Amino acid sequence: MTTDLLQEKFDHIFDADLISEISEKGVFKTFKQNEIIIDINQPLKFIPLLLSGDIKILREDDNGNELLIYFLEAGETCAMSLTCCLGTTKSKIRAVAEKDSSLVLIPVENMQIWFHNNASWREFILQSYQIRFDEMLDAIDNLAFMKMDERLYKYLKNKAMLHSSKTINIKHQDIAEDLHTSRVVISRLLKQLENEKKIKLSRNKIEII
């Protein structure tokens, strides 16, 4: 099943020889919703390729408060873990399963070898850097230029798109932690968005209108 997922998600990206090598060298693992996949300060000996599910990438301040940086979807990898692997440093991010997810973990040594001798892998890595860089610029713009209600509404729309559903099952506290603010602020702004007829609220559920 995991090999079939690898073929399905990456057949159009990697050549046949590389997919065969990934199947042989990679370690297939599954993670339940909210399980930590990579933690801050963890030595990284692998990079994750996401086969199914979604992963959120978080940073943490000195007080233990988390800030959402970006989401990973099936068929993607985490550029920040790539950087840590290449520099043989500890992880600077936390990767958490947004929902039940399956991954293939690529050992660092194989990642480096393939970067030099496989064009499809090299292009994938470089594109991953570009996508994540653009997303981080977007996150910085959100923090610097968007008001909290705009950030919240964009966050909800991204969540809905990620889950392919207009209804999101989430607690106000979880949103507050992702956006690095308080539950009280989020609850007030959600009510404001509901009054503007952009969303509909019910217990632990939000519907995008």
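## Chatting about strands, helices and rings

Student: Starting with Ile 37: buried or exposed?
Tutor: Ile 37 is buried, because its relative accessible area is 7% and the cut-off for buried is under 20%. Keep in mind that this is a predicted model.

Student: Got it. Where is Ile 37 placed?
Tutor: You'll find Ile 37 in strand E2, which covers residues 36-38.

Student: And which residues is Ile 37 in contact with, leaving aside its neighbours within four places in sequence?
Tutor: Among them are Phe 31, Gln 42, Phe 46 and Ile 55. The list also includes Ala 95, Val 96, Ala 97 and Leu 103.

Student: What about Glu 8, how many Å is that from Ile 37 in space?
Tutor: From C-alpha to C-alpha, the two are 22 Å apart, and in sequence they are 29 residues apart.

Student: Which strand does E3 pair with, and in what sense?
Tutor: E3 pairs with strand E7, residues 101-107, in the antiparallel sense, over 6 bridges. For one spot to look at, find Leu 49, which stands opposite Val 104 in E7.

Student: OK, helices now. At what angle do H4 and H5 pack?
Tutor: Helix H4 (residues 108-117) and helix H5 (residues 119-145) pack at about 110 degrees, and their axes are 6 Å apart. That angle is why the two count as roughly perpendicular to each other.

Student: Which residues meet there?
Tutor: From H4, Met 111, Trp 114, Phe 115, His 116 and Asn 117 meet Ala 119, Trp 121, Arg 122, Ile 125 and Leu 126 in H5. Sorted by class, this contact has 7 nonpolar, 2 polar and 1 charged residues.

Student: How many aromatic pairs does the structure hold?
Tutor: It holds 6. One of these joins Phe 10 and Phe 14: the ring centres are 5.2 Å apart and the planes sit at 5 degrees, so this pair is stacked. Phe 10 is buried at 0% relative accessible area, and Phe 14 is buried too, at 3%.

Student: And the pair of Trp 114 and Trp 121, stacked or edge-to-face?
Tutor: That pair is edge-to-face, because the planes are at 75 degrees, with centres 5.3 Å apart. Trp 114 is buried, with 1% relative accessible area, and Trp 121 counts as buried at 0%.

Student: Which residues do ring pairs link into a cluster?
Tutor: The cluster links Phe 10, Phe 14, Trp 114, Trp 121 and Phe 124.

Key:
Residues are numbered from 1 along each chain as its sequence is written. This is a predicted model: local features need pLDDT of at least 70, side-chain atom pairs count only at pLDDT 80 or more; totals for chains, interfaces and linings use all residues. Side-chain values use heavy atoms; hydrogens and water are left out. Two strands pair if DSSP finds at least two bridges between them. Helices (H or I, at least four residues) and strands (E, at least two) are DSSP runs, numbered from the N terminus. Axes are lines fitted to C-alpha atoms, for helices over the stretch in contact, and angles run from 0 to 180 degrees between N-to-C directions. Angles under 35 degrees count as roughly parallel, over 145 as roughly antiparallel, 65 to 115 as roughly perpendicular and the rest as oblique. Contact means heavy atoms within 4.5 Å. Ala, Val, Leu, Ile, Met, Phe, Trp, Tyr, Cys and Pro count as nonpolar, Asp, Glu, Lys and Arg as charged, and the others, Gly among them, as polar. Rings of Phe, Tyr and Trp (its six-membered ring) pair if their centres lie within 6.5 Å; planes under 30 degrees apart count as stacked, over 60 as edge-to-face and the rest as tilted. Buried means under 20% relative accessible area, exposed over 50%, partly exposed in between (1.4 Å probe, protein chains only).
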